[in-house]
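The sequence and the structure are shown first.

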Amino acid sequence: MPLRSVLLFVIAALFEIGGAWLVWQGVREHKGWVWIGAGAIALGLYGLVATLQPDANFGRILAAYGGVFVAGSLAWSTLIDGFRPDRWDLTGAVLCLVGVAVIMYAPRTG
């Protein structure tokens with residue numbers, strides 16, 4: 001499994017999930033425009049990091065990233081918000097990560 005690709009997925013997840021969380025805090029928790037603006041910047045950086053993936057296929061990258069987002073969202077909410085995922089949350093996250101591995105790293109012909 002290519003280390004660079006995995007690292008880019010982790011960085012992208014931090015920017016996207018963190019950015020969405022900042023916007024959520026700004027709007028839902030009434031923390032204001034600075035939080036919303038910081039979230040918007042982080043979300044933009046997520047988009048930039050996604051373009052750095054070595055694979056040139058946008059659809060493949062975004063589809064695989066969806067699985068990273070699922071697992072990363074559960075991890076973020078556990079670490080930051082105190083959410084406790086149940087076994088079904090964790091099972092679903094593992095299935096998503098298996099899907100990421102298949103989409104991104106399965107051997108391809110041609």
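Leu 43 has its place in helix α2. The model described here is predicted. Is Leu 43 buried, partly exposed or exposed? Its relative accessible area is 32%; because buried requires under 20% and exposed over 50%, Leu 43 counts as partly exposed.

Setting aside residues up to four places away in sequence, Leu 43 touches Phe 15, Glu 16, Gly 19, Ala 20 and Val 23. Between Leu 43 and Leu 90 there are 25 Å in space, C-alpha to C-alpha, and the two are 47 residues apart in sequence.

## The nonpolar core

In soluble globular proteins, nonpolar side chains tend to be buried together. The largest nonpolar core in this model comprises 13 residues. Phe 9, Tyr 65, Val 68, Val 100 and Met 104 are those with the most contacts inside the core. Two or more core residues come from each of α1 (3-28), α2 (33-50), α3 (58-81) and α4 (87-105), and α1 supplies the largest share, 5 residues.

Which residues does Phe 9 contact, leaving aside its neighbours within four places in sequence? The contacts of Phe 9 are Gln 53, Ile 61, Ala 64, Tyr 65, Val 68, Val 100, Met 104 and Tyr 105.

Rolling a probe the size of a water molecule over the atoms shows where empty space is left. The structure contains 1 cavity of 30 Å³ or more, and the largest cavity holds about 30 Å³ of space.

Leu 8, Phe 9, Ala 12, Val 49, Ala 50, Gln 53, Ile 61 and Tyr 65 line the largest cavity. At least two lining residues are supplied by each of α1, α2 and α3, with α1 giving the most, 3 residues. By class, this lining has 7 nonpolar residues, 1 polar residue and no charged residues.

The largest pocket has a volume of about 330 Å³. Its lining consists of 18 residues, of which Phe 9, Val 10, Ala 13, Val 68 and Gly 72 are the closest to the pocket centre. The elements that contribute two or more residues to this lining are α1, α3 and α4. Helix α3 gives the most, with 7 residues.

How does the lining of the largest pocket divide by class, and which classes does it have? It has 17 nonpolar residues, 1 polar residue and no charged residues. Phe 9 is one of the residues lining the largest cavity and is also among those closest to the centre of the largest pocket.

Notes: Residues are numbered from 1 along each chain as its sequence is written. This is a predicted model: local features need pLDDT of at least 70, side-chain atom pairs count only at pLDDT 80 or more; totals for chains, interfaces and linings use all residues. Side-chain values use heavy atoms; hydrogens and water are left out. A nonpolar core is a set of buried Ala, Val, Leu, Ile, Met, Phe, Trp, Tyr and Cys residues joined through side-chain atoms within 4.5 Å. Buried means under 20% relative accessible area, exposed over 50%, partly exposed in between (1.4 Å probe, protein chains only). Helices (H or I, at least four residues) and strands (E, at least two) are DSSP runs, numbered from the N terminus. Contact means heavy atoms within 4.5 Å. On a 1 Å grid over the protein atoms alone, a cavity is a set of points where a 1.4 Å probe fits but cannot get out, and a pocket is an open set with protein on both sides within 12 Å along at least five of seven lines; lining residues have an atom within 4 Å of a point. Grid points are joined across faces, edges and corners, and a volume is the space filled by probe spheres set on the points. Ala, Val, Leu, Ile, Met, Phe, Trp, Tyr, Cys and Pro count as nonpolar, Asp, Glu, Lys and Arg as charged, and the others, Gly among them, as polar.
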